[in-house]
Amino acid sequence: MMNEEWRLERKLNERKICIGCFASNNIPITQEVYQFSHDLVESGRLDKYIPTQENPLQEEVSKFGGDYFKMTCNFIIESWNNK
């Protein structure tokens with residue numbers, strides 16, 4: 001049960017990252033944006049941008065000046081523009 005709660009919390013946090021990314025890029029939070037964020041999180045495509053203890057993504061994040069949000073947001077906006 002604990003594992004399931006953790007997974008739900010992680011997905012909720014990933015959705016918050018998506019919505020925050022759209023907001024910080026002055027993209028209105030519409031139903032389409034929310035659905036896109038939900039689908040992106042559920043697809044697991046965002047997972048490779050979320051650092052873990054085992055893989056802190058040092059090399060990848062260095063290209064964004066150490067800013068994990070900017071790195072992840074770059075992928076989200078790219079995905080949105082290519083949908």
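Predicted model: local features only at pLDDT ≥ 70, side-chain atom pairs only at ≥ 80, totals over all residues.
- Helix H4 is built from 14 residues, and the distance from its first C-alpha to its last is 20 Å, close to the 20 Å expected at 1.5 Å a residue.
- At the start of H4, Asp 67 has a side-chain oxygen that comes to within 3.0 Å of the backbone nitrogen of Phe 69.
- The buried residues of H4 are Met 71, Thr 72, Cys 73, Phe 75, Ile 76, Ile 77, Ser 79 and Trp 80.
- Thr 72 counts as buried because its relative accessibility is 3%, which is under the 20% cut-off.
- Setting aside neighbours within four places in sequence, you will find Thr 72 in contact with Ile 17, Leu 46 and Tyr 49.

**Where H2 meets H4**

- The axes of helix H2 (residues 31-43) and helix H4 (residues 68-81) come within 11 Å and cross at roughly 115 degrees.
- This crossing of H2 and H4 is right-handed.
- From H2, the contact uses Glu 32, Val 33, Phe 36 and Leu 40, while H4 brings Phe 75, Ile 76, Ser 79 and Trp 80.
- Sorted by type, the residues of this contact of H2 with H4 are six nonpolar, one polar and one charged.

**Phe 36, a residue of H2**

- Phe 36 belongs to helix H2, and it counts as buried because its relative accessibility is 13%.
- Apart from neighbours within four places in sequence, Phe 36 is in contact with Phe 22, Ile 76, Ser 79, Trp 80 and Lys 83.

- Glu 14 lies in helix H1 (residues 2-24), and Glu and Arg both count as charged.
- Why does Glu 14 count as buried? The reason is its relative accessibility of 3%, under the 20% cut-off.
- Not counting residues up to four places away in sequence, Glu 14 touches Val 41, Leu 46, Asp 47 and Ile 50.
- Arg 15 is also found in helix H1, and it counts as buried because its relative accessibility is 13%.
- With residues up to four places away left out, Arg 15 touches Tyr 34, His 38, Val 41 and Glu 42.
- From Arg 15 to Ile 27 is twelve residues in sequence and 15 Å in space, C-alpha to C-alpha.

**Two loop residues with positive phi**

- Asn 26 lies in the loop between H1 and H2, and its phi is near 55 degrees, a positive value in a residue other than glycine.
- Is Asn 26 buried or exposed? Asn 26 is exposed, because its relative accessible area is 71%, over the 50% cut-off.
- Leu 57 has its place in the loop between H2 and helix H3 (58-62), and its phi is positive, about 60 degrees, although it is not a glycine.
- Leu 57 counts as buried, because its relative accessibility is 4%.

Conventions:
Residues numbered from 1 in each chain as written. Heavy atoms only, no water. Axes fitted to C-alpha atoms, helices over the stretch in contact; angles between N-to-C directions. Helix = DSSP H or I, 4+ residues; strand = E, 2+ residues; numbered from the N terminus. Left-handed = near helix turned anticlockwise from the far one by under 90°. Contact = heavy atoms within 4.5 Å. Expected span 1.5 Å × (residues − 1). Buried < 20%, exposed > 50% of the residue type's maximum accessible area, 1.4 Å probe, protein only. Polar contact = N/O pair within 3.5 Å; in protein donor to acceptor, adjacent residues only side chain to side chain.
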